[in-house]
Amino acid sequence: MQGFRRWLAQYQSARTPLGDLARLAAGDPAWPDGPDRLPTYTDYMERAGASAGALQTLVDAWVLYAAHNETTPAPTSRR
């Protein structure tokens, strides 16, 4: 399972609200790098004065992230 910040970074070139969020996170040195729980990021964005639309984009991104990680198989160890 990859972290939310790393997962989000792959969308930096998207010209969508998700891309806007990814660029915001990438350009913000104080953007949380975990723990990977939605409240970590919503709390941070609320303290920064994010709009309701930006917070909704975060929730939408989190849903995609969680769905991605549910369908991504865990790495297996090789012997």
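Helices, as the term is used here, are DSSP runs of H or I with at least four residues, numbered from the N terminus. In this predicted model, the protein holds four helices and zero strands, and its pattern along the sequence reads α-α-α-α.

**Overall figures**

The following table collects values that describe the protein as a whole.

| Property | Value |
|---|---|
| Residues that count as buried, of the 79 residues | 29% |
| Accessible surface of the protein | about 5,300 Å² |
| Part of the accessible surface that belongs to carbon and sulfur atoms | 54% |
| Contacts between residues 24 or more positions apart, among contacts with a separation of 6 or more | 43% |

**Helix α3**

Helix α3 covers residues 38–47, and its buried residues include Thr40, Tyr41, Thr42, Tyr44 and Met45. In an α-helix there are 3.6 residues a turn, so residues three or four places apart point the same way. After α3 comes Gly49, which has a positive phi, near 85°.

The loop between α2 (17–27) and α3 contains Pro32. Pro32 counts as buried because its relative accessible area is 13%, and the cut-off for that class is under 20%. When neighbours within four places in sequence are left aside, Pro32 is in contact with Arg5, Thr40, Tyr41 and Tyr44. Arg5 lies 27 residues from Pro32 in sequence, while the distance between them in space is 7.8 Å, C-alpha to C-alpha.

Technical notes:
Residues are numbered from 1 along each chain as its sequence is written. This is a predicted model: local features need pLDDT of at least 70, side-chain atom pairs count only at pLDDT 80 or more; totals for chains, interfaces and linings use all residues. Side-chain values use heavy atoms; hydrogens and water are left out. Buried means under 20% relative accessible area, exposed over 50%, partly exposed in between (1.4 Å probe, protein chains only). Helices (H or I, at least four residues) and strands (E, at least two) are DSSP runs, numbered from the N terminus. Contact means heavy atoms within 4.5 Å. Accessible areas come from the Shrake-Rupley method with a 1.4 Å probe; for residues, only the protein chains shown count as cover.
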